[in-house]
Amino acid sequence: MTLISALAPYACHPGESRGRRYPEQAAPTRTDFQRDRDRIVHSTAFRRLVYKTQVFLNHEGDLFRTRMTHSLEVAQLARSIARALRLNEDLVEAIALSHDLGHTPFGHAGQDALNACLAAVLPVQGKRDPEHEDWLGFEHNLQSLRVVDELEHRYAPFDGLNLCFETREGILKHCSAANARSLEAIEPGGVGLRFLNRTQPSLEAQLCNLADEIAYNAHDVDDGVRSGLISLEQLQEIDLFERFRLQTLAEHPHLARPTHQRRLLYEVIRRLLSAQVYDVMEATRAALDRCQPDSVQAVRQAVPLVCFSEAMRSAAAPLKQFLMQRLYRHPQVTQMTGLAQQVVRELFDAYSQQPQEMRASFAARPDRHRAVADYIAGMTDRFASKEHFRLTGVTLLPL
Ligand code: MG
């Protein structure tokens with residue numbers, strides 16, 4: 001538990017939370033943010049993350065990151081930084097563990113397919129039926145919010161998990177202006193407002209955003225090499241990587257042996273992670289010193305304060321580009337992406353025509369297309385593949 005007295009004035013203090021949508025009595029031993037974290041861990045959507053793709057599809061190997069292990073790594077990194085900066089660790093953990101709850105099966109491929117399906121059937125903006133079609137397209141950040149606000153059905157008095165404003169604010173990392181306006185219509189002054197008036201979220205939310213980036217850049221290097229799609233030799237072209245490889249070899253020359261390649265890679269990734277974590281701590285401390293925010297309200301009005309140094313941001317850019325070109329756009333990855341998109345498209349068509357094939361609570365909804373999208377978005381990779389086979393008789397991905 002974060003000692004409340006240890007929190008900085010610019011941290012989110014649980015006693016000053018903007019509260020829950022449905023007021024509840026405080027828990028006897030936990031702060032509101034601890035309680036949010038606990039609700040997230042017990043949710044159905046959280047358990048599903050273990051069978052959802054991060055980059056590599058679930059059936060491609062047991063050791064690749066899934067959304068679950070990715071979320072745990074983000075929480076670890078964010079908590080380390082939060083403690084050093086005297087931010088609220090419980091809130092950071094709640095945001096990190098829930099930040100990817102809205103992802104579809106099959107990673108970004110699934111999201112893109114679902115977005116295209118919805119764009120084809122929903123009326124254009126301005127002619128939307130506000131009763132039934134509140135959202136434009138499919139955005140995974142907005143979907144994460146919808147999971148914790150609406151789609152978890154486990155508490156008697158309300159839908160969703162009834163999380164605190166600050167947790168929900170952190171979950172909604174990005175939002176289109178159109179969807180922010182819809183949010184604002186439902187909840188004036190709520191979590192959509194900052195996308196319209198261009199203010200910042202709490203430092204805890206800003207931190208989770210950066211921790212996400214640090215985590216996936218590092219673990220995609222690891223998974224990429226494990227998959228055989230990228231090699232240590234290719235990575236040596238990246239200055240940031242090469243710097244830590246040479247440093248490791250200087251300290252531990254025996255890791256140059258071919259049998260120690262894996263251990264060498266782990267040492268380089270460990271140093272890469274540490275360097276970025278310490279860089280964020282230092283650059284953020286400097287930004288806080290310059291800006292001197294004395295409250296969360298001051299943080300929201302300021303420029304973004306959780307940041308990398310300029311030097312680290314530019315050193316990390318080639319690594320990101322490398323991953324984009326050599327891993328995310330690798331023919332073997334994009335071939336799977338194509339199949340995954342076909343699965344999602346055909347599921348969307350099948351359920352749209354036969355809603356009774358969905359679980360009853362989804363089949364009964366009046367907002368047919370959004371119900372189909374919510375149903376598909378909640379699926380694990382495996383369940384989506386099995387449902388696709390059940391409804392079409394065709395096996396596109398291993399079951
Ligand atoms: Mg993420």
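What covers the buried residues of helix 3? The cover includes helix 2 (44-48), helix 4, helix 5, helix 10 and helix 13 (261-291). The model is predicted: local features need pLDDT of at least 70, side-chain atom pairs count only at pLDDT 80 or more, and totals for chains, interfaces and linings use all residues. Residues are numbered from 1 along each chain as its sequence is written, and side-chain values use heavy atoms, with hydrogens and water left out.

Helix 3 spans residues 67-85. Helices are DSSP runs (H or I, at least four residues), numbered from the N terminus. Helix 3 has 19 residues and reaches 27 Å from its first C-alpha to its last. This is close to the 27 Å expected at 1.5 Å a residue, where the expected span is 1.5 Å times one less than the number of residues. Its buried residues (under 20% relative accessible area, 1.4 Å probe, protein chains only) include Arg 67, Met 68, His 70, Val 74 and Leu 85. Just after helix 3, Arg 86 takes a positive phi of about 60°.

His 70 is also a ligand of the magnesium ion. Donors are N, O and S atoms within 2.8 Å of the metal (3.2 Å for Na, K and Ca); water is not among the atoms, so sites may look incomplete. The donor residues follow the spacing H-x28-H-D-x111-D. Asp 100 lies in the loop between helix 4 (89-98) and helix 5 (107-121), and Asp 212 in helix 10 (residues 203-227), so the pair ties together parts that are 112 residues apart in sequence. Both Asp 100 and Asp 212 are buried.

Helix 12 (residues 239-251) packs against helix 13. Their axes come within 9 Å and cross at roughly 120°. Axes are lines fitted to C-alpha atoms over the stretch in contact, and angles run from 0 to 180 degrees between N-to-C directions.

Leu 142 belongs to helix 6 (residues 140-151). Leu 142 is buried, with a relative accessible area of 3%. Contacts (heavy atoms within 4.5 Å) link Leu 142 to Trp 135, Leu 172, Asn 179 and Leu 183, not counting residues up to four places away in sequence.

How values were computed:
Helix = DSSP H or I, 4+ residues; strand = E, 2+ residues; numbered from the N terminus. Buried < 20%, exposed > 50% of the residue type's maximum accessible area, 1.4 Å probe, protein only.
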